[in-house]
Amino acid sequence: KKYQVVQVRRGFATNYLIPTKSALYATRENLFKCGITTSARKAALASLDLTKKQVSPMDKLLKYLARETLNIEVSRDEGWCISKYTVAQEYQRKLQLYVPLQSLIIKTPLQTLGLHKIKIKVNDEVGLVTTNINITKHIPKKSETSSES
């Protein structure tokens, strides 16, 4: 409707509504040009649910850490251990995620194959996030060598 204040996705407004002059941004000047008074503007903006579906980057990171399993392959049967340093390197290499050593909470180095739960301290407000590390034995890929006669 004409002169109705509604909330739309930013991309839809930027790429379609504003270029086709179907809508205006709800700035003070635009609302004044449309004849919407201050009290009507406040009522219209108050009716919008501006908190709907807005997920913070921190929440996205926490969900990602809790959901994603870091896979680490070891090449030997015995004599290996996975330390904080190795875990931090693997997060950087495989998931492109920088995790400081002091944030990783691993009581003892990991020395068995299988799924392990570790904790990552995100910050003082959020606290700890439990994440999974799966340690498996590295199986080299067999290269196919075909001999032609």
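Is Phe-12 buried, partly exposed or exposed, and what is its relative accessibility? Select Phe-12 and take a look: this is a predicted model, and here Phe-12 comes out at 41% relative accessibility, so it counts as partly exposed.

Show the side chains and check the rings. The count of aromatic pairs in this model is one. That pair is Phe-12 with Tyr-16: the ring centres are 5.5 Å apart and the planes are at 20°, so the two are stacked, planes under 30 degrees apart being the cut-off.

Next stop, the sheet. Colour the strands and you'll find four of them in an open sheet, ordered β1-β4-β3-β2, with mixed pairing. At the edges are β1 (69–74) and β2 (104–105), each pairing on one side only. As a reminder, strands of a sheet pair through backbone hydrogen bonds, either parallel or antiparallel.

Zoom in on β1 and β4 (residues 127–137). These two run parallel and share six bridges.

Last, bring in two helices. Select residues 57–67 for helix α4, which lies across β1, β3 (114–123) and β4, at about 35° to β4. Then select residues 84–95: this is helix α5, lying across β1, β2, β3 and β4 and running at about 115° to β1.

Terms used
Residues are numbered from 1 along each chain as its sequence is written. This is a predicted model: local features need pLDDT of at least 70, side-chain atom pairs count only at pLDDT 80 or more; totals for chains, interfaces and linings use all residues. Side-chain values use heavy atoms; hydrogens and water are left out. Two strands pair if DSSP finds at least two bridges between them. Helices (H or I, at least four residues) and strands (E, at least two) are DSSP runs, numbered from the N terminus. Contact means heavy atoms within 4.5 Å. Axes are lines fitted to C-alpha atoms, for helices over the stretch in contact, and angles run from 0 to 180 degrees between N-to-C directions. Rings of Phe, Tyr and Trp (its six-membered ring) pair if their centres lie within 6.5 Å; planes under 30 degrees apart count as stacked, over 60 as edge-to-face and the rest as tilted. Buried means under 20% relative accessible area, exposed over 50%, partly exposed in between (1.4 Å probe, protein chains only).
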